[in-house]
Amino acid sequence: MYKLLLSWRYLKTRFIALASIVSVTLGVATLIVVNSVMAGFVDQMKNRLHGILSDVEISTQMFSEIPHPERHVEIIKQTLGDQIQEATCVVRTPALLSFDVRGRQWTQQIMLLGIDDETFGKVTDFEPYLTNEIKRNSFSFDLEEDGYDQEKFKGDAGWKYRRTRIEIQRRIEANSREYDSLYDNAANAFYAAEPSHVETASHENTNTQEEQGTRFAPLPATLPDIPPTGNPVEEGIASQSPQPLTADQSAENQASNDGSIHRISPFDPHAKFRPEIKSEDLFDPMKDHRTGIILGLAISERKVELPSGELQDAYLIRPGDDANIMLTTIGESPKPVIENCTVVDFYSSNMHEYDSSFAFLPLSELQQLRGMIDPMTGQGSVSTIQIKLKEGADLDAVRDQLIAQFPPNYFPDYDIRTWQDTQRPLLSAVKMELTILNILLFLIIAVAGFGILATFYMIVVEKTKDIGILKALGAPSRGVMSIFLGYGMSLGTVGTGVGIVIGLLFVKYINEIADAVAVLTGQEVFDPTIYYFSEIPTVVNPVTIFWVAVGAIAIAVLASVLPALRAARLHPVEALRYE
Amino acid sequence: MSDVAPSNPLRIDRESKGGNMPATELHSAKSSSSKYNSAPLRIADTSVMSVSGLFKSYGKGAVQVPVLKGVDLEIEEGGFTAIIGQSGSGKSTLLHLLGTLDAPDSGEIYFRDQRIDNLAPRQQEHLRNREFGLIFQFYHLLPELTTLENVLIPRMVQDGFFRYLKNKRSYRKRAIELLEMVGLSHRLTHKPSQLSGGEMQRTAIARSLISDPSILLADEPTGNLDSENGAEVMETLTALRKHENLTVVMVTHDDQLASQADRIIHLVNGVVAT
């Protein structure tokens with residue numbers, strides 16, 4: 001009883017000891033803040049990494065292929081039994097994306113993924129990261145009328161945007177045609193009035209007005225045919241002309257590409273065997289779009305900080321715009337192929353690495369483009385098989401099972417790894433960072449421990465006579481010792497408790513604090529343009545807090561052991577005589 | 001006495017020493033706080049403590065300063081014994097040895113026919129807490145605690161947490177009673193720094209009596225007080241001695257104070273002067 005009473009009284013009367021545990025408080029608070037923020041980052045990162053990567057994947061090199069993917073999936077399902085939830089086949093290839101920005105070509109490298117729209121969303125967190133809310137619920141590669149992020153695009157996305165763009169394009173073309181015909185008419189009139197000029201201007205032209213009329217006749221409403229060549233290289237060059245593709249021109253390109261519509265030509269001996277072209281079969285950019293492609297948001301989005309400090313989003317390309325992708329076929333002699341696509345949505349996982357490079361096409365489309373479909377069987381090959389496991393399945397065990405099923409000596413081209421294997425360098429770097437930070441911060445608390453030791457030693461010296469009195473009154477050495485151990489423990493508990501409260505409050509209001517610091521110092525603490533988080537993520541882990549508290553209190557108690565031992569060893573007579 | 005195992009240090013047959021008190025077991029000696037009721041009158045010439053051949057020197061190695069050089073004495077039950085002597089005559093050291101605060105170099109100390117100078121620390125602590133009431137020249141109150149808490153400290157030391165809480169009410173009652181007896185009932189919540197020297201010493205006296213000790217060891221209780229306060233403290237002590245039927249051993253260098261005692265032991269140069 002006297003131990004508690006005296007510990008309490010010393011706590012109440014020795015403020016210097018309280019000062020010595022401020023460092024414990026600060027250490028504990030810092031540990032909690034650092035751990036929470038780091039855990040928040042790691043958690044977000046892991047979620048995203050895991051969401052994008054499937055649990056386990058079997059992949060091969062990008063210019064190679066896994067044939068008979070259905071057979072593979074069957075074997076995998078047999079091997080894994082009820083551990084597997086879903087598997088999906090993916091084709092991965094590097095490609096070039098080019099599109100028109102203010103009349104110039106913008107070309108950049110992308111990682112093109114051909115995905116199966118049935119199963120891909122079940123294996124990875126793909127759909128939640130789409131910006132279109134309709135697509136998030138029912139995924140397709142079609143351009144949507146509605147559902148695009150109003151805040152991001154301000155309505156300039158989707159079918160309406162596409163129609164407006166094409167309408168404007170057509171009007172510009174109509175205007176320029178009108179201008180051309182006006183110019184031609186004026187010129188015709190000029191040459192008709194003064195035929196002598198014609199002679200000097202051109203020796204080859206005859207003087208007949210009819211011929212002159214033909215010479216300067218207004219251009220037809222549609223541009224002359226480009227004969228179908230069937231050579232993708234030439235086609236590519238044609239569609240890559242520096243001028244933006246006009247709607248009609250691209251319509252005709254498409255018509256010649258897909259082979260179902262053919263112009264009746266007098267030079268085509270088989271013309272009569274081909275189906276007649278109906279107007280509704282023609283590609284109309286107002287109603288139709290090209291192969292749907294989903295781009296990583298960071299490919300298009302540019303976050304710009306205005307002088308006022310506000311962030312403004314700018315877009316190089318929007319849903320509804322067309323873009324070209326250029327990639328190579330696989331096989332013995334890779335050839336470049338170009339495909340015209342329509343951006344149907346953006347993918348925004350907030351992992352910059354992925355958002356700035358990923359683009360998604362329908363699997364069959366990409367297989368076709370890359371020549372991955374076996375002409376004999378009509379079966380496509382893939383480059384990756386991604387597997388999602390049921391909750392609670394052991395990733396590493398599953399990987400080992402799959403490696404046993406596809407032994408590396410028979411399948412040297414297969415790479416079987418879990419998502420953690422893929423991101424191991426990053427995850428272990430973060431883990432090590434956190435460990436080192438924790439060690440350093442605990443050293444701060446240990447330093448505080450030495451402060452407590454020194455203060456307590458002084459208090460024991462100061463209290464020597466009181467210790468003598470207690471011993472004279474029959475208090476055992478152990479009791480005297482426990483006064484000071486209890487004192488140390490209560491100080492440590494108070495310091496840790498206050499530290500936990502401060503730390504948790506700091507974590508709770510961390511974004512407000514960051515803003516306040518930014519206002520005070522004029523220095524942005526947390527720049528969303530760098531981290532792609534709109535605010536600092538935090539995760540408070542009760543286990544961490546528990547261990548931090550235990551550690552801090554243990555340090556305080558350990559620091560009071562030495563003074564307490566000294567107190568216990570005091571000789572009562574000498575202690576009583578001490579002045 | 002033949003049924004007592006001689007190996008038990010707590011049971012010592014002292015018949016050969018001439019004592020006529022039966023050997024008592026230390027822990028059962030004070031099993032009841034109403035021992036004065038059960039044994040109200042003790043024969044005055046029975047010794048409660050006896051000391052034989054006590055030697056004690058201070059210092060280390062070659063520089064040994066002998067303080068006690070063979071002290072023999074008996075302290076009578078219910079008596080008021082004064083030990084007087086000059087400064088440095090070893091009287092305080094003798095009192096510390098009697099109170100088991102220090103161990104003698106040689107010699108034996110008996111309390112109720114039990115040798116106490118070589119007991120285990122735990123048993124000595126028990127003795128100091130229950131059997132001996134200690135009063136010091138410099139009061140030795142704990143500055144952080146109030147008067148009442150200071151008086152209660154021996155009880156707090158004695159009981160565990162829950163037992164103390166259980167008995168708290170009776171302890172408080174007794175402490176307030178004792179403080180009333182020493183005339184400090186109006187000072188219960190004062191800290192020692194707010195008390196005068198005489199008041200502090202009277203608090204110390206109350207503290208020494210809280211465990212109902214059988215012997216009061218006072219080391220110059222008035223040594224630090226002016227004559228008026230000193231007289232007051234002595235009055236209190238004398239009144240209490242009679243009221244509680246206490247055995248008192250008082251060390252002093254004041255012949256006048258010593259004259260109030262039943263018996264005076266002169267200590268000169270570490271031996272008892274005859």
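**Chain B: its sheet and its side towards chain A**

Author: Buried residues account for 33% of the 579 residues in chain A. This is a predicted model, and what follows should be read accordingly. The secondary structure of chain A comprises 24 helices and 11 strands. Its contacts between residues at least 6 apart in sequence are made up as follows: 78% join residues at least 24 apart.

Against that background, the sheet of chain B may be considered. Strands of a sheet pair through backbone hydrogen bonds, and this pairing is either parallel or antiparallel. In chain B, 4 strands are arranged as an open sheet with the order β2-β1-β4-β5, and the pairing is antiparallel. At the edges stand β2 (65-76) and β5 (114-115) of chain B, each of which pairs on one side only. Within the sheet, strand β1 (residues 47-58) of chain B runs antiparallel to strand β4 (residues 106-111) of chain B, and 5 bridges join the two. A residue-level example is B:Met49, whose bridge partner in β4(B) is B:Phe111.

The side of chain B that touches chain A is the remaining topic. Here, 22 residues of chain B are in contact with 20 residues of chain A. Three helices of chain B, namely α3 (121-130), α4 (147-158) and α5 (161-181), each supply at least two residues of this side.

Key: Residues are numbered from 1 along each chain as its sequence is written. Chains are lettered from A and ligands numbered from 1 in the order in which they are written. This is a predicted model: local features need pLDDT of at least 70, side-chain atom pairs count only at pLDDT 80 or more; totals for chains, interfaces and linings use all residues. Two residues are in contact if their C-beta atoms, placed from the backbone, lie within 7 Å. A residue is buried if 20 or more other C-beta atoms lie within 10 Å of its own, exposed if 12 or fewer, and partly exposed in between; C-beta atoms are placed from the backbone. Two strands pair if DSSP finds at least two bridges between them.
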